[in-house]
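Student: I am new to this structure. Could we go through some of the terms used for it and check each against its value?

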Number of protein chains: 4
Amino acid sequence: MNFKPKFSDFKQKVEASFHRQKFMELINAKLVDVKPGYCEIQIPYNASLTQQHGFFHAGIISTIADNAAGYAAFSLMEEHSSVLTVEFKLNLMSPGDGDLLIGKANVLKNGKTLTICRSEVFIRKNGKEKLCAASQTTLIELKNKPDK
Amino acid sequence: MNFKPKFSDFKQKVEASFHRQKFMELINAKLVDVKPGYCEIQIPYNASLTQQHGFFHAGIISTIADNAAGYAAFSLMEEHSSVLTVEFKLNLMSPGDGDLLIGKANVLKNGKTLTICRSEVFIRKNGKEKLCAASQTTLIELKNKPDK
Amino acid sequence: MNFKPKFSDFKQKVEASFHRQKFMELINAKLVDVKPGYCEIQIPYNASLTQQHGFFHAGIISTIADNAAGYAAFSLMEEHSSVLTVEFKLNLMSPGDGDLLIGKANVLKNGKTLTICRSEVFIRKNGKEKLCAASQTTLIELKNKPDK
Amino acid sequence: MNFKPKFSDFKQKVEASFHRQKFMELINAKLVDVKPGYCEIQIPYNASLTQQHGFFHAGIISTIADNAAGYAAFSLMEEHSSVLTVEFKLNLMSPGDGDLLIGKANVLKNGKTLTICRSEVFIRKNGKEKLCAASQTTLIELKNKPDK
């Protein structure tokens with residue numbers, strides 16, 4: 001789909017919000033790409049992010065899916081709005097066994113109040129990417145509530 | 001509901017698995033209670049766990065909801081089984097604005113292959129607990145695949 | 001939880017809306033109970049409502065779960081509002097093998113714009129009820145948009 | 001994605017199962033297309049399928065999304081298997097205001113036990129199709145349990 005942002009600096013606004021999230025720093029998440037209605041985030045492997053088998057924890061996988069969706073939606077919102085996740089649903093399809101987690105989200109519907117996104121999370125191992133998880137997320141736009 | 005564990009040391013098995021999850025250590029999560037078909041986890045506030053407004057990040061809230069569900073289910077599985085989350089759906093109802101996050105999960109149905117749980121996540125502020133999020137989760141039992 | 005309706009005739013308003021849904025008539029669904037934040041619907045068995053094994057179709061099970069949630073939420077909305085389902089997630093736990101399907105929904109959170117509900121669907125066979133499905137639903141209140 | 005069916009008559013098996021679902025007959029649903037990992041179902045408008053505003057009822061929209069997902073998954077299962085929906089999550093994005101409802105489902109992951117699908121539901125009005133709903137579904141393969 002072809003979305004139009006509502007003001008020119010949407011990308012800077014997404015980046016500034018991302019960098020205010022201290023949890024992104026703790027897990028070393030990188031905001032890799034932002035386009036109107038699209039966002040990509042990556043998280044390199046680190047033993048501190050693992051579950052009992054040494055793979056990326058489901059909590060990290062849901063964090064990257066949710067955050068990519070949140071910023072894909074935020075890229076289409078008004079300048080003085082903030083965004084909240086209403087709910088999301090995530091299917092875990094393959095273990096997070098690899099060196100890089102890649103979350104990509106696309107907006108499906110950008111409504112006046114609610115925005116719906118789908119995310120896919122890939123796990124890269126030995127240079128090959130594999131579908132690890134997929135989610136569907138509902139976000140709400142809070143108008144005239146700046147993000148900071 | 002009244003569930004019967006399948007072997008006597010189910011609680012030690014849950015605790016051992018929880019302590020092998022390095023991500024739980026990173027975010028300082030505590031396994032507070034395990035009963036047959038029930039699990040409670042708590043995470044004290046720390047600035048490193050926050051989103052852009054300084055509240056618990058949705059990724060942390062989904063981590064506690066998912067992990068409590070996983071271990072509630074695991075408490076009813078066979079001795080030599082391991083557990084994987086198939087999928088979950090989480091509604092975020094109030095901001096994670098407080099000093100302690102409390103996740104409680106109960107098994108709704110313990111089937112031969114799949115187990116369904118519901119979790120509630122509460123946020124405590126000034127000694128008062130408030131419903132912050134609620135989830136519904138599907139888990140799968142992998143028989144004869146020990147957890148470690 | 002203890003919810004307060006926003007006007008005295010909330011029950012008549014729910015009943016009138018239910019009876020305007022022609023699909024409820026087609027599948028012979030009955031509105032059995034409405035309280036503030038609660039709704040119960042029943043559907044007697046009929047061969048025309050079945051899937052390939054002769055049990056209640058998942059589409060009927062999701063209809064009863066969604067509709068009970070919708071009217072539980074509607075019972076707490078303002079007099080001149082209408083309600084729409086934003087999304088729901090349903091786990092099917094036992095086959096719909098029985099003579100009566102019973103859907104019960106409770107409001108978890110009644111917010112200014114969004115309301116969150118949980119439903120349980122029971123199947124009755126030989127006088128015994130069994131948990132058949134469970135859902136979690138998000139609804140939106142459209143203010144000053146009367147239901148008819 | 002490019003999926004390979006496990007036996008040559010997968011399409012006939014899907015069609016035979018669809019036609020055993022009496023609920024499909026009641027709502028006049030048509031199985032329009034079946035390919036390996038893909039299924040399309042259509043339901044023409046009929047006043048008996050409506051909610052309080054005269055549009056397709058959410059129960060019908062979830063039925064078409066779920067059934068398309070079920071048969072997309074079933075097309076990849078073994079000859080003597082049957083299929084059950086474990087759970088699904090559906091976002092309703094536009095009212096079902098039109099003359100034809102079109103459900104299309106694709107398999108995302110076809111695992112040994114579980115299969116994950118995504119469905120999109122479109123509503124056609126005056127010859128134009130609009131995205132009405134989207135879902136994500138988990139299905140389970142029951143081996144050596146023939147469908148009839």
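Student: How many residues does the contact take from chain A and from chain B?

Tutor: In this predicted model, chain A gives 34 residues to the contact and chain B gives 34 residues. A residue belongs there if it has heavy atoms within 4.5 Å of the other chain.

Student: What area do chain A and chain B bury between them?

Tutor: About 2,800 Å², with 55% of it on carbon and sulfur atoms. The size of an interface is often given in this way, as the accessible area lost when the parts come together.

Student: What makes A:Glu87 and B:Lys89 a salt bridge?

Tutor: The cut-off is 4 Å between a side-chain nitrogen of Lys or Arg and a carboxyl oxygen of Asp or Glu. The closest N and O atoms of A:Glu87 and B:Lys89 are 2.7 Å apart, so the pair qualifies. The count between chain A and chain B is 2 salt bridges.

Student: How do you know that the copies, chain D and chain A, meet through the same surface?

Tutor: Because 100% of the interface residues of chain D are also interface residues in chain A.

Student: Which residues of H1(A) and H3(A) meet?

Tutor: A:Lys13, A:Val14, A:Ser17 and A:Phe18 in H1(A) meet A:Asn67, A:Tyr71 and A:Phe74 in H3(A). They divide into 4 nonpolar, 2 polar and 1 charged.

Notes: Residues are numbered from 1 along each chain as its sequence is written. Chains are lettered from A and ligands numbered from 1 in the order in which they are written. This is a predicted model: local features need pLDDT of at least 70, side-chain atom pairs count only at pLDDT 80 or more; totals for chains, interfaces and linings use all residues. Side-chain values use heavy atoms; hydrogens and water are left out. Helices (H or I, at least four residues) and strands (E, at least two) are DSSP runs, numbered from the N terminus. Ala, Val, Leu, Ile, Met, Phe, Trp, Tyr, Cys and Pro count as nonpolar, Asp, Glu, Lys and Arg as charged, and the others, Gly among them, as polar. Buried area is the accessible area (1.4 Å probe) that two parts lose on being put together, summed over both.
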